[in-house]
Amino acid sequence: MAPEIELLRSISYFSGLKSTELDSISKLIFEKCYDQGEMILFEGETTEVLYFVASGIVKLFKTSSDGKEQILKILRPGESFNDVPMFSAGLNPASAQTIGAVLLYGITKSDLETIIYSQPQIALNATRVMADKLRHVLALVEDLSFRQVIGRVAKILLEHAGDKRGTEPRITQQDMAAMAGTVREVVGRSLKTLEEEGIIKLDRHRVVITDETALKNRVSPSL
């Protein structure tokens, strides 16, 4: 099945391209479906494919030698991953796994190089994408270095609140711990503290934000 042109248009790599150009690119893109919890990429392996999330959620993460997981990013529709091996020789820098059912669009490294040569706009877009990813990594370093755990949890809640009424239940406390660089028990205590302060409400598997301003104030970097 050919990818939807409107979704391709929303992907940063293809921003600013004409419909005829997107139609040509769509012929080089393939689809892959995954169920909940399936691995897409493994850190340290070779995968010469650039992926875009068409629907669903994907977590990008690294794993330490003792099995501890650090989530680098939660990817949503329109976002790409495995970008680095597309522009430099090397192995996958991180693993990718689905959170719920996922539909991906993919393009091989050779096909990506072909369209970059024919569409210089894509090269400019790719530069912007990589700059945004670098900015995200720097922000993650800042969070892990200078922000208290409860501040990291508050930031995660704000970023993944969706409609601002609550986080999606598919992002578990264990996922939040892997994003915050801590353990699930510490995340649980942080959530309980925020609830006691009247900032959030814990409703089964859902976290409802009741005071967004106060939650934002909790994000301020502090040792």
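Is Phe-81 buried or exposed? Phe-81 is buried, at a relative accessible area of 1%, where buried means under 20%, exposed over 50% and partly exposed in between, with a 1.4 Å probe and protein chains only. Before going on, note that this is a predicted model, in which local features need pLDDT of at least 70, side-chain atom pairs count only at pLDDT 80 or more, and totals for chains, interfaces and linings use all residues. Residues are numbered from 1 along each chain as its sequence is written, and side-chain values use heavy atoms, with hydrogens and water left out.

Now look at what Phe-81 sits with. Phe-81 and Tyr-51 make a stacked aromatic pair, 5.4 Å centre to centre with 20° between the planes. Rings of Phe, Tyr and Trp (its six-membered ring) pair if their centres lie within 6.5 Å; planes under 30 degrees apart are stacked, over 60 edge-to-face, and the rest tilted. Tyr-51 is buried too, with a relative accessible area of 5%. Tyr-51 belongs to strand S3 (residues 49–63) and Phe-81 to strand S5 (residues 80–81), so the pair ties together parts 30 residues apart in sequence. Strands here are DSSP runs (E, at least two residues), and helices likewise (H or I, at least four), numbered from the N terminus.

Elsewhere, Tyr-13, Phe-14 and Phe-52 form one aromatic cluster.

Finally, turn to the helices. Val-149, Ile-150, Val-153 and Leu-157 in H6 meet Val-186, Val-187, Ser-190, Leu-191, Thr-193 and Leu-194 in H8, contact meaning heavy atoms within 4.5 Å.
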